[in-house]
Amino acid sequence: MTEEDDRRRVTERRSPNEKDATAMPRRARDSGRVRAAIRTELEEVAEQNETKQPAAARNPQNVVVAIDHVSLAFDEPILEDISFDAKEGETVVVVGESGTGKSTILKLVLRLLVPDQGRVCIDGEDITHLSFDEALKVRQKMGMVFQGAALFDSMTVYENVAYPLREHTTLGEDEIEARVREKLQFVDLDPDKVMDQLPSELSGGMKKRVGIARGLANNPEIMLYDEPTSGLDPLTTATITYLIIKLQRELGVTSLVVSHDIRSAFRMASKIALLAEKHIAFFGTPEEMTGSEDPYIREFLGGF
Amino acid sequence: MILERFNAAAKRGVYSLQEFFVLSGKALGFIFVKPFYTADLFQQMDTIGVGSLGIVLLTGFFTGMVLALQSSVQLQAFGATDYIGSLISASMIRELGPVLAGLMVAGRVGSGIAAQLGSMRVTEQIDALNTLGTDPIKKLVTPRVLAALIMLPVLTVINDFVGILGGNVIAKFYLGKPSALYWRTVFEQMLTGGFTLRYIPNDFIQGLTKPFVFGGIISLVACHFGLKTTGGTEGVGVATTRTVVTASILILVVDYFLTQILLAVFQP
Ligand SMILES: Nc1ncnc2c1ncn2[C@@H]1O[C@H](COP(=O)(O)OP(=O)(O)OP(=O)(O)O)[C@@H](O)[C@H]1O
Ligand SMILES: [Mg+2]
């Protein structure tokens, strides 16, 4: 993905949004200011990317997540001979219709599921045949944001974000609190306001952001997102899309995003994988996708 | 066609049974393996034990009273109403206390555990635990099983006591027997069942082994059905119902076989 494209994408976003502002009722217009702020931030990110390399040294040749001829069936086949990979620092977005097995792919990467055939490699290590305890170790490299956030509802926001730290590190309480605050601020939440709240007291968008903060707490090298923007209003969608881009740019985190929001997919993807009829129908850059003549892809892109 | 479906159902049943035993093995094994989730254990002991105290007190007391009322009719026919204490003591400690406490806890705690773990499953919180590097069995199942193993015998002793107390009320106000006589027959009964290791009355062994086993049954069945919940919120309801039905049936069936074994091993 070149910087040119980024900027184009950022500016492209303007027009539909401004149209929204007039077409949509009060709440949207009220939030126009916030939206403008986000837009400038997005532009900033794009500019930063032009001038400086991301903080983390990364080797774009390293394949971090590799899915290699994977097949999986539950009662009936869900995935057949799926292959694609994510290189270091890339954001790969898996798109596809509902129920095609997108979440299932993330569960395979986390080794919550084991493929019937083929293998899944993380950092070059085949994780297919790991024992349960070894799998727990590999998962520490990854942060996952679940479709419904999956916050532990018996714990406060603070305890939720602190959970991976308590589980895997020997950090003292001060350091844990500092880390929790840092991550909550990163996802644009006011730590003092939300820390003592229970997940049931949060809005959908806030839950997702706490979910991202929890996924990030351990500073993972791979982030997995399951529908990070589904069911959210356009403003929150923009904020979360921006967060994912920011993470990739600032920390060089390799990301695998599952989404059926093709618009935000295009905004953040280095590569897009289109899942259809149990197969990967397309895998390549967003530019290649828009340039494709394939009728199914054209149809899927539809109004975009 | 029918045969095929029967075959598939049988396979699922065997598979589910195997899953149940694997879960049980792991959950019990983890009792002795670090890390210990002590805070979770105490919280569960509170929910299971303290939380069930009310219904156990209530059911125990009324069962003791109705038992005394019913048997007084029978005993009057033989002119043996002096021995009402023995009858209540034996039936509460050996049978009714453990089984009633078991059934009550299966209804209250078993359904609660199944619903909680079930909704954690369908909202992906179980996956989240796995992802964050925690073994859900160690974190969720083991503390619940251990808490139930500890608390059910405690609840049963309480249940026994208030049951016998209920009998005391009827003996005194309905039959007009003095409390001293009632309690003397209660204690005499405890000693007639013989002793193990010289000092432990066999009635106590029966009365405490049973709730221990029932505690394991209830918590494991509930965790099993809770964790394998599928199909959204509707699935949570299914898991809850299955838990209560299965645990209650198992309690009654296991109670029979356990009684037979215990009577054979600990003879007076
Ligand atoms: N544990 C399971 N057991 C049986 N079938 C399952 C299981 N998990 C998923 N499936 C089935 O696999 C298919 C793919 O599910 P998955 O959740 O991956 O879809 P998805 O692409 O993420 O859909 P959505 O966009 O709605 O989230 C579905 O048809 C689902 O019914
Ligand atoms: Mg999904």
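This is a predicted model: local features need pLDDT of at least 70, side-chain atom pairs count only at pLDDT 80 or more; totals for chains, interfaces and linings use all residues.
Biologist: Where do I start with the interface? How many residues of chain A are in contact with chain B?

Modeller: Start with the residue count on each side. Here 21 residues of chain A are in contact with 16 residues of chain B.

Biologist: What area do chain A and chain B bury between them?

Modeller: The size of an interface is often given as the accessible area lost when the parts come together. In this model, chain A and chain B bury about 1,600 Å² between them. Carbon and sulfur atoms account for 57% of that area.

Biologist: Which elements give two or more residues to the side of chain A that touches chain B?

Modeller: Helix H5 (132–139) and helix H6 (157–168) of chain A do. H6(A) gives the largest share, four residues.

Biologist: And by class, what does that side of chain A have?

Modeller: There are 12 nonpolar, three polar and six charged residues on the side that touches chain B.

Biologist: On to the ligand. Which residues surround ligand 1?

Modeller: Read the shell as a list, then sort it. A run from Ser98(A) through Gly99(A), Thr100(A), Gly101(A), Lys102(A) and Ser103(A) to Thr104(A) is part of it. The shell also includes Phe74(A), Ile78(A), Gln147(A), Glu227(A) and His260(A). By class, it has two nonpolar, eight polar and two charged residues. Helix H4 (residues 102–109) of chain A gives the largest share, three residues.

Biologist: Which atoms lie 2.8 Å from an oxygen atom of ligand 1?

Modeller: A backbone N or O atom of Gly99(A) lies 2.8 Å from a ligand oxygen. A polar backbone atom of Lys102(A) is also 2.8 Å from an oxygen atom of ligand 1. Gln147(A) uses its side chain: a polar atom there lies 2.9 Å from a ligand oxygen.

Biologist: How much of ligand 1 does the protein bury?

Modeller: Compare the ligand alone with the ligand in place. Alone, ligand 1 exposes 630 Å². The protein buries 61% of that.

Definitions and conventions: Residues are numbered from 1 along each chain as its sequence is written. Chains are lettered from A and ligands numbered from 1 in the order in which they are written. Side-chain values use heavy atoms; hydrogens and water are left out. Contact means heavy atoms within 4.5 Å. Buried area is the accessible area (1.4 Å probe) that two parts lose on being put together, summed over both. Ala, Val, Leu, Ile, Met, Phe, Trp, Tyr, Cys and Pro count as nonpolar, Asp, Glu, Lys and Arg as charged, and the others, Gly among them, as polar. A residue is near a molecule or strand if one of its heavy atoms lies within 4 Å of it. A polar contact is a pair of N or O atoms within 3.5 Å; within protein, one must be able to donate a hydrogen and the other to accept it, and residues adjacent in sequence count only if both atoms are side-chain atoms. Accessible areas come from the Shrake-Rupley method with a 1.4 Å probe; for residues, only the protein chains shown count as cover.
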